[in-house]
Amino acid sequence: MCAMIRMTGAEIIVRLLERQGVAVVAGIPGGANLPLYDALSHSPIRHVLARHEQGAGFIAQGMARTTGRPAVCLATSGPGATNLLTAIADAKLDSVPLVCITGQVPRGLLGTDAFQEVDTYGLAVPITKHAWLVRSAAELLTIIPEAFRLASSGRPGPVLIDVPKDVQQEYAEFAHWPEPGLPEPSSAPIAKDLERAAALIDAARRPAMILGGGVIASGASELAVQLAERCAMPTSMTLMGLGAMSADHPLCLGMLGMHGARCTNTILHECDLLLAVGMRFDDRATGVASRFCPEAEIIHIDIDASEIGKIKPASVGLATDAAQALQSLLDMTQRRPRVGWQHRVRQIRQADAGLEEPATDMRTPRGILANLAEQLPEDAIIVTDVGQHQMWTAMHYPFRRPRSLLTSGGLGTMGFGLPTAIGAALAKPEARVVLVTGDGSLQMNLQELATAAEEGVNITIVLMDNASLGLVRQQQDLFFDSRNYASIYRRGVDFCQVARGFGMRAANLHEARDPYAALSRVLCGTGPCLIRARVDSSDHVLPMVPPGAANTETIVPQPRMKEEAHARACA
Amino acid sequence: MPAHAHDQLCDVDIQTESLSHMNQASGTGGMEGDGQTAGSNLTAIRVTVADHPGVLSQVCSLLARRAFQAEAVFSLPAKDGSRTIWLLMSSDARLEQLSRQLTKLCDVQAVEFREEGRKLLETLNGIL
């Protein structure tokens with residue numbers, strides 16, 4: 001008979017994390033989670049001390065988005081927990097598996113408005129897949145593995161475990177350790193639905209495909225490319241799906257929607273069958289939903305059944321794992337060249353050629369991105385913040401592999417980039433991690449420069465500095481008669497000086513005699529560094545579909561507009 | 001910049017649109033057409049959940065954040081240690097979507113549309 005194991009709740013948590021294979025956690029200690037931190041000090045798990053709990057949340061996101069496995073962040077009660085919420089909500093909307101463990105006031109003080117008490121459980125419910133308030137140390141033995149199972153099963157997402165301080169200190173006795181929580185296999189697609197889907201694809205004359213983040217989460221990118229080739233389907237991606245099909249692929253249409261190429265939105269508008277895989281018809285992707293793909297029958301594959309029919313009614317809905325469904329469709333559909341459709345697609349794309357001249361000038365965002373693309377290896381990880389630089393990156397950087405773009409899609413969280421890049425570098429120390437950011441976003445989690453310097457992570461920060469909230473300014477230019485209220489910083493920040501102050505290397509791109517060489521120098525070095533590029537604040541991200549319009553109502557770059565912008569810049 | 005491009009646009013209520021789509025798609029609209037009173041245009045849903053403090057808030061929080069208005073909520077313990085939550089909902093077309101969203105909650109074990117529940121809850125309303 002085996003001896004009983006006797007441990008505190010805090011020790012149980014740490015041992016269970018080790019048994020889950022967690023190697024790195026990010027967090028900040030405080031009064032209500034100190035027992036947990038004390039137990040962690042005896043563990044081989046590496047702890048990364050963030051400077052703000054939101055930073056810890058996004059560092060965990062960076063690890064999870066890079067590996068696809070749940071990552072862990074820790075915070076104390078009250079403000080520690082509330083500071084985490086933005087990162088949790090971001091993970092929920094982008095389906096990122098996170099396990100958040102927060103300290104809570106002792107059980108006896110719950111509900112008394114104790115110091116640093118807040119209803120963390122209640123706050124977490126709407127932005128997690130599930131949340132627990134742990135009421136005894138023994139419960140942790142079921143809750144922790146269950147948390148990992150839930151976070152990674154089906155449509156991944158964040159979970160939160162709120163652990164009162166006295167539960168962390170309470171002893172529990174148990175005979176053996178529970179098995180680590182692993183993702184559950186999804187249910188197989190229904191054969192009849194698969195047959196109907198295959199028949200619809202075979203019957204289609206102008207089929208097209210959209211790949212979303214679910215394709216990447218499912219590891220189905222290769223299968224999706226094969227199906228596109230087999231059925232001659234031009235393929236677009238949502239922001240979250242970029243990298244699922246290589247930008248170099250002849251069938252690749254790039255991103256669709258508000259900042260998709262005009263030809264991409266036109267091709268989708270003309271398709272008679274839409275195969276939507278692991279995407280949820282977000283309004284930034286579809287424009288006005290009723291006018292999106294108006295002539296198309298829709299086959300919707302999504303592991304989350306509640307997404308099917310939520311925005312667009314589907315002719316066939318397959319609530320299953322993308323890889324399983326695509327594998328079946330590969331076996332069931334006919335190989336067809338669809339020459340007429342391919343011809344039409346080429347025609348539409350050619351009409352857009354020359355809309356924008358190629359950019360190499362390093363003083364422009366597109367020039368910087370082109371140079372980055374040229375210099376970076378294919379397996380580089382690009383992280384963005386949120387704003388103009390994000391859309392330019394999504395439009396112009398040639399993503400070739402799944403998980404090569406980490407970006408905040410659903411919640412659109414400025415401040416996402418820096419801590420997420422740190423997390424990516426922690427998860428993949430051998431990879432080249434480049435954060436493309438703007439001055440507005442960088443300042444929202446600027447304190448994490450200290451974390452990056454302290455951990456010595458290999459990240460290169462490419463800062464496109466226009467001294468304004470560029471995407472806000474753009475919308476004011478376009479839709480509010482250029483009344484640029486509260487979108488321009490009246491006082492500039494010397495970001496290189498700031499970065500050096502935090503202990504990292506920094507350079508101004510426009511001061512370099514040879515910007516190309518300067519960029520390659522920072523891309524080759526080790527440890528964190530920042531390169532700042534001053535960019536024109538009057539630049540617009542175009543083409544653009546105005547909010548509330550159909551995807552066919554695109555604002556495209558026009559010579560007259562460029563001249564006006566130039567005149568404004570000179571004035 | 002074509003300034004007129006956005007002048008003609010108004011914010012389209014996607015929520016409303018998806019309603020009508022769901023209606024066609026799922027056919028759960030309660031359009032019996034037998035001259036019902038407003039009171040009978042309601043659907044009762046029985047939700048079986050794992051019982052713990054906070055589970056009612058989980059269900060109600062979902063209703064609120066997905067913009068569903070419950071006419072009545074009635075919660076009582078079941079014999080097997082689970083809990084039954086009755087929801088009386090106006091029979092709009094999104095009920096299938098509501099059912100799918102409820103099913104996603106970890107504590108939810110079953111979601112059933114129950115005709116007899118409506119009369120039960122209406123009787124209850126009369127007594128209370």
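Predicted model: local features only at pLDDT ≥ 70, side-chain atom pairs only at ≥ 80, totals over all residues.
As for handedness, H15(A) and H22(A) make a right-handed crossing. On the H15(A) side, the contact comes from Asn371(A), Leu372(A), Glu374(A) and Gln375(A), and these meet Tyr516(A), Leu519(A), Ser520(A) and Leu523(A) of H22(A).

Now for the rings. Searching the whole structure turns up four aromatic pairs over all chains. One of them joins Phe174(A) and Trp177(A): the centres are 4.9 Å apart and the planes meet at 70°, so this pair is edge-to-face. Phe174(A) and Trp177(A) are both buried.

Another pair brings together Phe281(A) and Phe292(A), with 6.2 Å between the centres and 80° between the planes, so this one is edge-to-face too. Phe281(A) sits in the loop between strand E12 (273-277) and helix H12 (283-286), and Phe292(A) in the loop between H12 and strand E13 (297-301), so the pair ties together parts that are 11 residues apart in sequence. Phe281(A) is buried, at 3% relative accessible area, and Phe292(A) is buried with a relative accessibility of 3%.

Arg15(A) lies over the face of Trp177(A), 5.5 Å from the ring centre. The charged end of Arg6(A), meanwhile, sits over the ring of Tyr171(A), at 4.1 Å from its centre.

Terms used
Residues numbered from 1 in each chain as written. Chains lettered and ligands numbered in written order. Heavy atoms only, no water. Phe/Tyr/Trp six-rings, centres within 6.5 Å; stacked < 30°, edge-to-face > 60°. Buried < 20%, exposed > 50% of the residue type's maximum accessible area, 1.4 Å probe, protein only. Helix = DSSP H or I, 4+ residues; strand = E, 2+ residues; numbered from the N terminus. Lys NZ or Arg CZ within 6 Å of the ring centre and 35° of its normal. Left-handed = near helix turned anticlockwise from the far one by under 90°. Contact = heavy atoms within 4.5 Å.
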